[in-house]
Amino acid sequence: MENINQIVSFVQEQFQTKEFIPLHEPRFRGNEKEYLLDTIDSTFVSSVGAYVDRFELDMQAITSAEKAIAVVNGTAGLQVALRLAGVVAGDEVITQALTFIATANAIAYNQATPIFVDVDLDTMGLSPSAMDNFLEEFGEIRQEGCFNKSTGKRIAACMPMHTFGFPVHIDELIAVCEKWHIPLVEDSAESLGSYYKGKHTGTFGLLGAFSFNGNKTVTCGGGGAIVTNDLTLGAKAKYLTTTAKKPHPYEFFHDEIGYNFRMPNLNAALACAQLEMLDEFVDNKRELASLYAKFFNSIGVNFRQELPDTKANYWLMCVELNNKEERDLFLKETNVQKVMTRPIWQLMYRLPMFEHCQRDAQSNAIFLEERIVNIPSSVR
Ligand SMILES: *Cc1c(COP(=O)(O)O)cnc(C)c1O
């Protein structure tokens, strides 16, 4: 690729520096300091506080979900969401192999096993047709739900992931899930600010979970949120993530094994300030995306753009290179020149803990694994 130097210069121009350019760095330009100091002045820095309540209301307003529950990180949110969808030890959960490790780990924390179904080339997320094909071969609907004929286990949930903030074909996935009697939980960790047909990601399935890790579109240091439109599940999520304690002014009574997955008020304060910036950040990133699109188009490189009917937050932007050799050269050259780039994740079944898991042919996931590279995507 003789145009790597051209690409490096273009990225340097956008970020107006020749120093190291990271993939995604946080920006604190709003009320972050004020709200953080406020928690210290109030002494409410820990697991209860006004900012936790406010954060949950803000998330409800942003996503239009009936209920949002603050949690300590996105992974914990996914773990509890799966449990609330009915996943128990010995179950199986359909997901994509092309994802960040947290998706598969959240399944394993419930003593369930992932089944890896291929992604679509256009969304880079779970493919409705691949899922239906898999179930036509292995699925069987019984009284207690959908079962996997080859393992005898129950397929208790399906968890698609909105890769890099590009929404999956969620309508079609929901139709397949309804056909096979499988609850859907969205890993929307990367997609805060992304919409499908005008509706916020994370709110299509039974539950969804977002992440506020340091590298996400908005951050609170570390944190997450579960969202749901089912108020009973919402109340259960709050209860389970706050140690399953029966409300009482001074007695301790817990009636099941819950979790301490509470988001500290300190982090919630940061989250509230960052959420105030969400629209501005997404607009800013979408502007960079359109500059990238024009530039990469002019040099014949495939810059990934949002699909019709969707609005992407462009969390991590990416290009699709022609083959693995070209990708490896691109990664090497750009990183040497201090423009950070990174390949998409290795497929989950290549990792020792998940190599035994059932999977289909994965031809699209492998194609993308060899070609997709993230490029600097921070708010400028
Ligand atoms: C970031 C992320 C998560 C959750 O991450 P936390 O660091 O636990 O907040 C889950 N799934 C995906 C796909 C992610 O990118």
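**Residues and helices, one at a time**

Modeller: Let's start with M124, which counts as buried because its relative accessibility is 0%. Keep in mind that this is a predicted model.

Colleague: Okay, and where is the place of M124?

Modeller: M124 is in the loop between β3 (113-117) and α6 (128-138). Its phi is positive, about 65°, although M124 is not a glycine.

Colleague: Which other residue has a positive phi although it is not a glycine?

Modeller: K197 does, with a phi of about 45°. You'll find K197 in the loop between β8 (195-196) and β9 (199-200).

Colleague: Does K197 count as buried or partly exposed?

Modeller: Partly exposed, because its relative accessibility is 48%. M124, by contrast, is at 0% and counts as buried.

Colleague: Let's switch to strands. Which strand does N148 lie in?

Modeller: N148 belongs to strand β5, which covers residues 145-148. With 0% relative accessibility, N148 counts as buried too.

Colleague: What does the side chain of N148 make a polar contact with?

Modeller: One partner is the side chain of E92, at 2.9 Å. The side chain of S150 is also joined to that of N148, by a polar contact of 2.7 Å.

Colleague: And leaving aside neighbours within four places in sequence, what is N148 in contact with?

Modeller: E92 turns up again, along with I115, F134, F138, K153, I155 and Q358.

Colleague: Got it. Where is S211 found?

Modeller: S211 sits in strand β10, residues 207-211. It is buried, since its relative accessible area is 8% and the cut-off for buried is under 20%.

Colleague: Which backbone nitrogen lies 3.2 Å from a polar atom of the side chain of S211?

Modeller: That's the backbone nitrogen of N213. Beyond four places in sequence, S211 has contacts with G74, A189, K216, V218, G223 and G224.

Colleague: Now a loop again. Where does G221 lie?

Modeller: G221 is in the loop between β10 and β11 (224-228). At 46% relative accessibility, it counts as partly exposed.

Colleague: How many residues apart in sequence are G221 and L266, and how far apart in space?

Modeller: They are 45 residues apart in sequence, with 9.5 Å from C-alpha to C-alpha. Setting aside neighbours within four places in sequence, G221 is in contact with F212, N213, G214, N267 and L270.

Colleague: What about S46 and F15, how far apart are they in sequence and in space?

Modeller: Those two are 31 residues apart in sequence, and their C-alpha atoms are 37 Å apart in space. S46 itself is in the loop between α2 (32-42) and α3 (50-63). It counts as partly exposed because its relative accessibility is 44%.

Colleague: Leaving aside neighbours within four places in sequence, which residues is S46 in contact with?

Modeller: M263, P264 and N265.

Colleague: Who makes the contact of α1 and α10?

Modeller: From α1 it's Q6, I7, F10, V11, Q14 and F15, and from α10 it's L288, L291, Y292, F295 and F296. Sorted by class, the contact of α1 with α10 has nine nonpolar residues, two polar ones and no charged ones.

Colleague: And at what angle do helix α1 and helix α11 cross?

Modeller: The axes of α1 (residues 4-15) and α11 (residues 324-336) cross at roughly 50° and come within 10 Å. That makes α1 oblique to α11. α1 passes α11 in a right-handed crossing.

Colleague: Which residues in α1 meet those in α11?

Modeller: I4, I7 and V8 in α1 meet L329, F330, E333 and T334 in α11. The contact of α1 with α11 divides into five nonpolar residues, one polar and one charged.

Conventions:
Residues numbered from 1 in each chain as written. Predicted model: local features only at pLDDT ≥ 70, side-chain atom pairs only at ≥ 80, totals over all residues. Heavy atoms only, no water. Helix = DSSP H or I, 4+ residues; strand = E, 2+ residues; numbered from the N terminus. Buried < 20%, exposed > 50% of the residue type's maximum accessible area, 1.4 Å probe, protein only. Polar contact = N/O pair within 3.5 Å; in protein donor to acceptor, adjacent residues only side chain to side chain. Contact = heavy atoms within 4.5 Å. Axes fitted to C-alpha atoms, helices over the stretch in contact; angles between N-to-C directions. Parallel < 35°, antiparallel > 145°, perpendicular 65-115°, else oblique. Left-handed = near helix turned anticlockwise from the far one by under 90°. Nonpolar A, V, L, I, M, F, W, Y, C, P; charged D, E, K, R; others polar.
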